[in-house]
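This briefing is meant for a reader who is meeting the structure for the first time.

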Amino acid sequence: MKKRIIGIMLIIVLVVSLAVTVAACNNSNKTKIGVMLYNFTDIQGTEIKSYCEYLEKNFDVEFVYEAVGSNDEAHISGLQNLLSQGCNAVISGYDTALSRSIAMCEDAGAYYAVLLGEVSKYEYLEENGYQPTLVEGMDSKYFLGGVTQFGGDPETVGVAYAEAAYAAGLKKIGAISFPTFTFKDGETIYNSFKTKLAELDPTANVYELQTFMYTQELCEAEVTQLLTNHPDVEAVLGLGSGLDYIYPALQNAGSNAKLLALGYNNTVESLLSQGKLLTAGTNNYTQCVASVFVRIWDALNGKSFADQGEDDINGIAGYPIITSSADLADFKSYIIPSDKANGSITAEELKNAMVTYNENATWAALNDLTGRTLAEIKEARAA
């Protein structure tokens, strides 16, 4: 009798266990999207992950994260890992190994998009007489494009920073960025900064643009070179993660030069109040994610924009600039709030931008939404 009771109890346990497993499988049957970044620990990674978590609360979606560093093979390995987990789409922060990545996603039937930079559909090779040649993979239906930073107009950033330098009375300014082949907007911003400052103050001197490759050691070498060549430098236009790389290098060198920085971290408030930092700024990461998420969600639902041309492969994301404590307060309230329902793009605004939910949605309207300035976002939240 005891054996029969034990047997019955075991059967009950197995049935309950199976039911729980089936229920768990059913509950996890969500659209899965992979996200690949160098890391998820800086403002870029934490803000992207925070908005993805907000999307999970408002869409039937699950995000899976892979930190892939800056190595091509690590990128490919991370992508393969995401695809092996059954991701329906993958968002890469960068255009690393782009053609190869697109081919892998096409084979897996998964969509692919670049989050933190625009992509070029054509290349111009000398052997082809510099005629436009389609980049491999760009015609794949599984590739959904990239995102143009700085609101599509990086020159405006250079102008704003030049106006801040002029207001501070700066005359002797160095400039340090990442190499042009990795950050072409850096050179564009530098040139517009130099041109605008020359208009505002012909006596100001902006020194030659220096570059370094993504390590603190190489950054410090460039700062040392700048201070050696121009010991009277009053400020540095820091276009290569100014706060994370260039400011520490200036401190280590014992320089009192002020900083006009691309970038943002938790030192901004203190440095602004001390007058050591005149400008800061960063990509609106919510807008970046929103731009590619709309395209992915519509594609997964068999939808697309009627007004999107075949060469319209890059969306737009803004670049909020901080020059005062008031700007910083608005930045914290509307660009990086802990509750993304109060931030740059709400779930309701996002759904209205999708053909899946709004048959009148357009590509132009999506770019208007994801390209809004800080002032425009603040106005929308006050409405």
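Is Phe178 buried or exposed? In this predicted model, Phe178 has a relative accessible area of 10%, which is under the 20% cut-off, and therefore counts as buried.

**Aromatic pairs**

- Tyr214, with a relative accessible area of 34%, is partly exposed, whereas Phe178 is buried.
- The structure holds 17 aromatic pairs, and another of them joins Phe59 and Phe293, whose ring centres are 5.0 Å apart and whose planes stand at 75 degrees, so that the pair is edge-to-face.
- Because Phe59 lies in the loop between α2 and β2 (61–67) and Phe293 lies in helix α10, the pair ties together parts that are 234 residues apart in sequence.
- Both partners are buried, Phe59 with a relative accessible area of 6% and Phe293 at 0%.
- Phe59 and Phe293 also belong to a cluster linked by ring pairs, together with Phe63, Trp297 and Tyr357.

- Helices α2 (43–58), α4 (98–108), α6 (184–200) and α8 (242–252) each supply at least two residues of the lining of the largest pocket, and α8 gives the most, with three residues.
- The lining of the largest pocket divides into 25 nonpolar, 18 polar and seven charged residues.
- The second largest pocket holds about 470 Å³ of space, and its lining is made of 22 residues, with Lys141, Phe143, Leu144, Ser304 and Gln308 nearest its centre.
- Helix α10 (residues 285–300) gives the most to the lining of the second largest pocket, with four residues, and that lining divides into eight nonpolar, six polar and eight charged residues.

**Helix α4 and its surroundings**

- The buried residues of α4 are Leu98, Ser101, Ile102, Met104 and Cys105, and because they fall within an arc of 160 degrees when seen down the helix axis, they line one face of the helix.
- An α-helix has 3.6 residues a turn, so residues three or four places apart point the same way.
- The buried residues of α4 pack against α3 (72–84) and β4 (111–114).
- In the loop between β3 (89–92) and α4 lies Thr96, which counts as buried at 13% relative accessibility.
- Leaving aside residues up to four places away in sequence, Thr96 touches Asp72, His75, Ser101 and Tyr112, and Ser101 is itself among the buried residues of α4.
- Just after α4, Gly109 takes a positive phi of about 70 degrees.

Definitions and conventions:
Residues are numbered from 1 along each chain as its sequence is written. This is a predicted model: local features need pLDDT of at least 70, side-chain atom pairs count only at pLDDT 80 or more; totals for chains, interfaces and linings use all residues. Side-chain values use heavy atoms; hydrogens and water are left out. Ala, Val, Leu, Ile, Met, Phe, Trp, Tyr, Cys and Pro count as nonpolar, Asp, Glu, Lys and Arg as charged, and the others, Gly among them, as polar. On a 1 Å grid over the protein atoms alone, a cavity is a set of points where a 1.4 Å probe fits but cannot get out, and a pocket is an open set with protein on both sides within 12 Å along at least five of seven lines; lining residues have an atom within 4 Å of a point. Grid points are joined across faces, edges and corners, and a volume is the space filled by probe spheres set on the points. Buried means under 20% relative accessible area, exposed over 50%, partly exposed in between (1.4 Å probe, protein chains only). The arc is that of the directions from the helix axis to the C-beta atoms. Contact means heavy atoms within 4.5 Å. Rings of Phe, Tyr and Trp (its six-membered ring) pair if their centres lie within 6.5 Å; planes under 30 degrees apart count as stacked, over 60 as edge-to-face and the rest as tilted.
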